[in-house]
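Keep the 3D view open as you read.

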Amino acid sequence: MSESSSPATPSRGRPSTPAITFSALAIVLFTIWTVLVATGVLDGMDRATLAPVPVFEARSVQIAAAISIVFSPPILLLVLLCLAWWASRRRLHNLTVSLILAAIPGTAINWLMKLLIADPRPPQRLPLLTVFGPSYPAEHLSSVAMVALMVGATVVVSRQDRIVVWTWQVIGLLAVLLLGLCSWWLRSNWLADLIGGVLLGVAVAAVSLMVARVRVLPREGLIAMAMSRQTPVTAVDGAPEARCAIIYNPSKIVDEAAFRRHVDYELSRHQFVRTLWLPTTVDEPGRGLAEVAISKSVSLVLVAGGDGTVRSVCDGMAGSGIPLGIVPAGTGNLLARNLGIPRDERAAIDVAFDGQTRKIDLVKLRVDDQPETQHFAVMGGMGFDAAVFEQTNADLKKAVGSAAYFVAGAQAAGFEPFAASVQIDDHPPVSRRLSVAVIGNVGFLQAGIELFPDARPDDGVLDVILASPRTLRDWARILTTVLAVRGTDEHLVRRRGKRISITAEEPVAYQLDGDTIGHARRLVASVDAQALTLRVPDQSYERHNPLGNLRRSAPEQS
């Protein structure tokens with residue numbers, strides 16, 4: 001077990017206590033108000049506050065009608081969906097989920113409540129195309145309140161300037177008041193319906209943010225939010241200045257300005273000074289930049305990029321003891337997935353600064369007779385998998401994500417098996433014809449496919465899988481065996497060891513962490529135990545399934 005060198009933080013596997021409390025309060029208030037409306041307790045208030053009969057020829061009524069049409073629920077729903085698209089493009093995955101939850105289920109809940117309560121609209125109301133159906137809750141008010149809160153959450157999550165946050169808070173409040181006044185003036189709803197609409201919109205927004213684990217309040221809570229400036233983390237008196245290096249792949253960062261805002265916020269909060277911003281290039285994918293960061297005596301390194309960038313930086317960071325935070329920005333993000341690091345950009349940055357510090361193994365690899373070794377953190381192999389990665393079109397991968405691998409797999413279907421000798425530790429070598437030979441440090445591939453059931457990133461053992469299918473039927477059985485996790489097949493062999501050597505008769509394509517590096521005849525992999533220091537969420541000490549369940553690994557096999 002590796003030791004933790006950072007203070008414990010609340011688990012990121014469940015919503016925060018303030019989020020649960022606020023959501024519960026919003027639901028309770030809406031429920032109480034709905035009961036009062038349904039039982040007729042508020043009928044007297046509604047009759048006493050009913051607006052004068054609207055006259056369409058009056059200019060004020062026409063303005064109110066225009067505002068109600070422009071800010072109709074379908075248009076506000078479209079605003080939320082457009083905002084969700086914007087958030088997804090910027091890898092704010094949690095925010096994207098919350099916006100979709102607010103837009104679609106939120107609208108459905110509104111109409112479900114209308115059908116259940118079936119409250120008639122006020123008499124002699126102004127007939128508008130955008131106002132139909134029962135009156136409670138007021139759909140205009142629930143929609144605008146929900147949009148106001150979700151946009152407010154968006155400007156906070158995207159780390160907009162404080163003046164932008166305050167400006168939107170004022171605009172959102174005014175929008176709710178203005179649309180409420182228009183609906184009342186047009187007799188579209190009773191006053192109780194308008195208040196119920198606001199309460200429903202607040203409840204839907206709060207629950208959506210809570211379920212998606214979008215943190216809107218500062219980490220220090222309500223007191224910090226009320227302060228005039230953010231509260232920095234308390235530094236230890238007399239401690240040396242803390243420096244941080246950010247190594248990032250510009251081609252993988254969708255919105256570099258937003259990324260810098262997110263990181264700068266945490267840098268300021270943790271009192272880092274003289275930060276190094278180190279963009280990768282084609283000629284320098286990360287290892288050299290990691291060595292630069294180490295030479296500058298930084299106390300934390302962040303890497304933002306895909307699997308190739310992360311692997312290269314991990315290679316450079318091996319043995320340094322400096323914590324490394326990972327911000328996934330690629331298609332696979334396999335190391336992050338296996339360790340439970342969020343794919344959401346802001347959540348991943350939170351983990352990088354405030355997560356637990358753990359040590360994991362790396363795989364040290366020697367290729368052919370090259371004097372230098374290199375490291376990888378996830379999986380490396382020879383054969384069909386490397387051919388697939390080699391033929392994957394980068395533009396198609398960027399457009400459709402993991403689906404590009406299936407296209408490349410079809411193109412590589414004619415891959416010829418290769419003759420190879422495999423030796424594990426000091427056991428006698430075994431010769432066989434192989435289509436795939438994969439060495440793994442962690443267990444899971446994309447989509448939660450478990451290739452190595454016993455693998456843990458800190459167990460000091462490597463896993464290897466050797467596949468030798470001859471026909472399409474053999475491939476189908478192997479796939480079934482892999483999906484069955486513990487299944488067996490004569491064409492599929494799983495082994496474990498501390499040193500694995502694969503020697504082919506002819507040069508074969510090989511890949512490391514999803515990137516085809518070149519062709520080689522011999523790969524010798526060994527464990528570099530506890531070589532990499534990482535920032536991870538609390539729950540990642542348990543073996544992490546990318547689909548969501550956490551469980552301890554199976555007992556180690558000898």
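Start with helix H6 (residues 139–157) and helix H8 (residues 191–211): their axes come within 7 Å and cross at roughly 35°. Those two numbers are there because two packed helices are described by the angle between their axes and the distance between the axes. The crossing of H6 past H8 is right-handed. Bear in mind that you're looking at a predicted model.

Who does the touching? From H6 it's Leu141, Ser142, Ala145, Met146, Leu149, Met150 and Ala153. H8 brings a list that includes Leu194, Gly197, Val198, Leu200 and Gly201. Sort the residues of this contact by class and you get 13 nonpolar, three polar and no charged residues.

## Around the ends of H6

Now look at the loop between helix H5 (93–117) and H6, where you'll find proline 137. The peptide bond that joins tyrosine 136 to proline 137 is cis, with omega at about -10°.

Another loop, the one between H6 and helix H7 (162–185), holds arginine 159. Its phi is near 55°, which is a positive value in a residue other than glycine. Is arginine 159 buried or exposed? Its relative accessibility is 12%, so arginine 159 counts as buried, since the cut-off for buried is under 20%.

You'll spot arginine 274 in the loop between helix H10 (256–269) and strand S2 (276–279). This arginine has a relative accessible area of 53%, so arginine 274 is exposed.

Threonine 331 sits in the loop between strand S4 (324–328) and helix H13 (334–339). With a relative accessible area of 17%, threonine 331 is buried.

Strand S1 (residues 244–248) is largely enclosed by the rest of the structure, because five of its five residues are buried. In a regular strand the side chains alternate between the two faces of the sheet. For S1, one side has Cys244, Ile246 and Tyr248, the other has Ala245 and Ile247, and all are buried.

S1 pairs with strand S3 (residues 300–305) in the parallel sense over five bridges, and alanine 245 has valine 301 as its bridge partner in S3. S1 also runs parallel to S2, joined by four bridges. Here isoleucine 246 is partnered by tryptophan 277 of S2. To get from S1 to S2 the chain passes through H10, and this β-α-β crossover is right-handed.

## Strand S11, covered on both faces

How many residues of strand S11 (residues 462–467) are buried? Six of its six are, which leaves S11 mostly covered. Leu462, Val464 and Leu466 are buried on one side, and Asp463, Ile465 and Ala467 are buried on the other.

S11 pairs in the antiparallel sense with strand S10 (residues 436–440) over five bridges. The pairing of S11 with strand S12 (residues 492–497) is antiparallel as well, over six bridges.

Technical notes: Residues are numbered from 1 along each chain as its sequence is written. This is a predicted model: local features need pLDDT of at least 70, side-chain atom pairs count only at pLDDT 80 or more; totals for chains, interfaces and linings use all residues. Side-chain values use heavy atoms; hydrogens and water are left out. Buried means under 20% relative accessible area, exposed over 50%, partly exposed in between (1.4 Å probe, protein chains only). Helices (H or I, at least four residues) and strands (E, at least two) are DSSP runs, numbered from the N terminus. Two strands pair if DSSP finds at least two bridges between them. Axes are lines fitted to C-alpha atoms, for helices over the stretch in contact, and angles run from 0 to 180 degrees between N-to-C directions. A crossing is left-handed if the near helix is turned anticlockwise from the far one by less than a right angle, and right-handed if clockwise. Contact means heavy atoms within 4.5 Å. Ala, Val, Leu, Ile, Met, Phe, Trp, Tyr, Cys and Pro count as nonpolar, Asp, Glu, Lys and Arg as charged, and the others, Gly among them, as polar. A crossover is right-handed if, with the strands pointing away from the viewer, the path from the first strand over the helix to the second runs clockwise.
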